[in-house]
Amino acid sequence: MNSRYFTEEHELFRKSFREFLQKEVVPHIDKWEKTGTIERFIWEKFGEMGYFGLNYPEQYGGLDLDIFYTVIFLEELQKINSGGFAAAMWAHAYLAMTHVAKEGDEAIKEKYLTASISGEKIGCLCISEPSGGSDVAGMRTTAVKKGDKYVINGSKTFITNGVYSDYLVVAAKTNPELKAKGMSIFIVDRDTPGISATKLDKLGWRASDTAEIAFDNVEIPVSNLMGEEGKGFPYIMQHFAFERLIMGINAHARAEFALDYTLQYMKEREAFGTTIDKFQALRHTYADMASEVEMAKEFNYSIAERMHRGVYVVKEASMSKLLSTKIADEVIYKCLQFLGGYGYMEDYPLARLLRDSRLGPIGGGTSEILREIIAKMLIDGKEYKPAAK
Ligand SMILES: Cc1cc2nc3c(=O)[nH]c(=O)nc-3n(C[C@H](O)[C@H](O)[C@H](O)COP(=O)(O)OP(=O)(O)OC[C@H]3O[C@@H](n4cnc5c(N)ncnc54)[C@H](O)[C@@H]3O)c2cc1C
């Protein structure tokens with residue numbers, strides 16, 4: 001236990017969540033990895049246990065706990081080795097729901113946040129488009145106001161929970177000429193006419209559903225606008241800091257899982273009359289990897305703590321994701337090597353871990369985009385400010 005950030009209550013929560021995952025989730029993971037569909041009952045169980053409401057207000061059924069409960073939630077999800085299952089859960093709880101909680105008005109929060117916390121409604125966040133994900137300001141989806149409705153046209157892609165979610169948080173241009181300043185955020189019910197979703201096949205994250213979504217004259221009431229019209233871009237950028245820290249934390253946790261598993265394997269596997277944990281080449285590589293992961297973890301905890309105090313950690317969260325995902329990929333690649341041929345087998349955890357980890361430097365802002373942000377801040381003195389709601 002790192003007592004600088006975690007209390008005994010935190011550790012009790014970690015223990016009970018870990019037990020819950022082992023009992024309720026792990027027995028189903030292989031099936032969900034194959035079908036790409038996470039059954040509804042587990043969403044409801046997460047809701048019943050309060051896991052979707054850790055950081056949300058009690059008024060809507062949340063627990064209003066500090067950020068380190070969220071850190072534990074993310075870390076333990078990585079340690080059951082299904083990046084797809086973890087992504088489905090945290091994309092709902094922290095991508096879609098963050099927008100609902102921060103930009104939704106009372107009526108939206110009563111309707112969607114409460115049902116999201118209880119696990120009755122699943123959400124997804126629709127920003128990336130087939131024409132480009134990195135260039136958020138260049139998005140083409142439009143929402144045109146007509147009387148008391150907005151009419152949405154366009155398409156989104158690579159959307160986590162894009163097929164099975166009940167509502168969609170959608171970014172669209174309300175004033176395309178203004179580019180980034182003409183973007184707004186909406187909440188859209190899945191069963192609204194004109195929405196169609198196609199499931200995508202992918203390298204990893206196989207338990208999660210990832211979709212391309214088309215919006216064909218989708219009419220929604222003006223009351224489904226979240227926050228102010230034209231403020232969508234700053235809202236998205238603001239929450240990206242949290243998403244990037246989440247992905248940094250996920251990365252150090254899955255690297256730690258790889259190291260723990262590999263060490264156990266090294267102590268049992270024999271070659272040349274000794275266990276392989278006695279070979280210096282492996283020992284030193286292991287020591288290097290463990291040092292890097294420890295550094296990333298400490299950095300990520302310190303950023304989480306600053307975020308909890310309200311510091312706007314754009315640069316640090318970008319650094320967290322950039323480096324932690326790189327370290328995780330390298331560690332997992334090397335750990336697979338330590339297992340020899342078994343590392344390549346689906347019966348051993350490293351194969352899935354390797355393909356799931358590869359998404360780290362891509363989703364939620366690629367490493368190249370993160371380097372751009374960090375360079376602009378460090379070299380050009382650019383400052384980013386949070387969007388005032
Ligand atoms: C499994 C999965 C789940 C996802 N879930 C979601 C989700 O729930 N919601 C959502 O909105 N999106 C989601 N995404 C989309 C993800 O965020 C995008 O894939 C990512 O932002 C990159 O966008 P792109 O794929 O269009 O790549 P592009 O933007 O086309 O980039 C292609 C390449 O060019 C590089 N590049 C682009 N611009 C620059 C530049 N200025 N300088 C240097 N290099 C540059 C990129 O780094 C990349 O290497 C998901 C993606 C995947 C694969």
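Let's start with the make-up of the ligand shell: eight nonpolar residues, eight polar and one charged. Keep in mind that this is a predicted model.

So who sits there? In total, 17 residues surround the ligand. The closest are Gly-133, Ser-134, Phe-158, Thr-366 and Glu-368.

Now the secondary structure. Two elements, strand 3 (149-160) and helix 10 (367-379), each supply at least two shell residues. Strand 3 gives the most, with three.

On to the polar pairs. Which residue places a polar side-chain atom 2.8 Å from a nitrogen atom of the ligand? That is Ser-128. Gly-133 works through its backbone: a polar atom there is 2.7 Å from a ligand oxygen. Thr-366 uses its side chain, with an N or O atom 2.6 Å from an oxygen atom of the ligand. And the cover? On its own, the ligand has 970 Å² of accessible area, and the protein covers 64% of that.

Next, a residue I want to show you separately: Ser-184. You'll find Ser-184 in strand 5, residues 183-189. Buried or exposed? Ser-184 counts as buried, because its relative accessibility is 0%, and the cut-off for buried is under 20%.

What does the Ser-184 side chain pair with? The side chain of Thr-174, in a polar contact of 2.7 Å. Thr-174 is also among the residues that Ser-184 touches, leaving aside those up to four places away in sequence. Val-170, Ala-171 and Ala-172 are on that list too.

Terms used. Residues numbered from 1 in each chain as written. Predicted model: local features only at pLDDT ≥ 70, side-chain atom pairs only at ≥ 80, totals over all residues. Heavy atoms only, no water. Near = heavy atom within 4 Å. Polar contact = N/O pair within 3.5 Å; in protein donor to acceptor, adjacent residues only side chain to side chain. Areas by Shrake-Rupley, 256 points an atom, 1.4 Å probe, with all protein chains shown as cover. Helix = DSSP H or I, 4+ residues; strand = E, 2+ residues; numbered from the N terminus. Nonpolar A, V, L, I, M, F, W, Y, C, P; charged D, E, K, R; others polar. Buried < 20%, exposed > 50% of the residue type's maximum accessible area, 1.4 Å probe, protein only. Contact = heavy atoms within 4.5 Å.
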